[in-house]
Amino acid sequence: MKRRGVLAVVSGFSGAGKGTLMKNLLNQYDNYALSISMTTRLPREGEENGREYFFVSKEIFEEKVQQDGLVEYACYCDNYYGTPREYVESQMAMGKDVLLEIEIQGALKVKEKFPEALLLFVMPPSAKELENRLTGRGTESADVVAKRLCRAVVEAQGIENYDYIVINDDLEVCTQELHSIIRTAHRSVGRNEEFIENMRQELNVLVKGEK
Ligand code: 5GP
């Protein structure tokens, strides 16, 4: 039977620790493939083309959209971000669980196109802790921290669209929780239609054969 991977969308407030969580999952388990997005924003210091993102011009991005080469895309803070289709589809077909670390508008588009996708939202243990983490990074000005907290207020309104929340208090505990939710998704009825159908047919044959 062909095993298809789970498409897991991970969103969360800036400062919730999504990036570290993704790295931890990838380091600990080999069933995951992290999609690398395409973006029109400029690389930050230390970022590499093809590692954090594929950094492209607006023209190239629009061309990719025209070719239907993106699973989803969204405009976030004046820049485009999108998920390249080919990688996602090929990795899932190979049975890998594909992780998309994307913001909420994109997450909703993924759910429309792939209703079986698993939508996960990473939360800090408290709002105060989120503020501490954002300030503690030491890389952002008070102004930027305030903007990100305002953005969190807006994003918090959309959490009901997600399937599960995970609370990133202890990184290890949170990583295990995320992993176990994704593992469990492999057992959903929708993802096992072929197995269920085979079972029905086998049962029919068995019952008829015994008559
Ligand atoms: P940053 O510029 O800080 O790397 O990312 C800004 C936001 O864009 C983050 O919330 C990130 O999760 C989101 N993002 C990154 N890649 C994609 C993508 O391919 N599609 C969408 N919709 N959002 C993305």
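Predicted model: local features only at pLDDT ≥ 70, side-chain atom pairs only at ≥ 80, totals over all residues.
Residues are numbered from 1 along each chain as its sequence is written, and side-chain values use heavy atoms, without hydrogens or water. Local features need pLDDT of at least 70 and side-chain atom pairs pLDDT 80 or more, while totals for chains, interfaces and linings use all residues.

The largest pocket comes out at about 1,800 Å³. Here a pocket is an open set of points on a 1 Å grid where a 1.4 Å probe fits, with protein on both sides within 12 Å along at least five of seven lines, and lining residues have an atom within 4 Å of a point. There are 46 lining residues, with Lys 18, Arg 41, Arg 44, Tyr 53 and Glu 101 nearest the centre. Helix H1 gives the most to this lining, seven residues (helices are DSSP runs of H or I, at least four residues; strands are E, at least two).

Turning to the rings, the count is nine aromatic pairs (centres within 6.5 Å; planes under 30 degrees apart are stacked, over 60 edge-to-face, the rest tilted). Phe 61 and Tyr 73 make an edge-to-face pair, because their centres are 6.0 Å apart and their planes at 75°. Phe 61 sits in helix H2 and Tyr 73 in strand S5, so the pair ties together parts 12 residues apart in sequence. Phe 61 is buried at 0% relative accessible area, whereas Tyr 73 is partly exposed at 33% (buried is under 20%, exposed over 50%, partly exposed in between, with a 1.4 Å probe and protein chains only).

Methods
Points joined across faces, edges and corners; volume = space filled by probe spheres on them.
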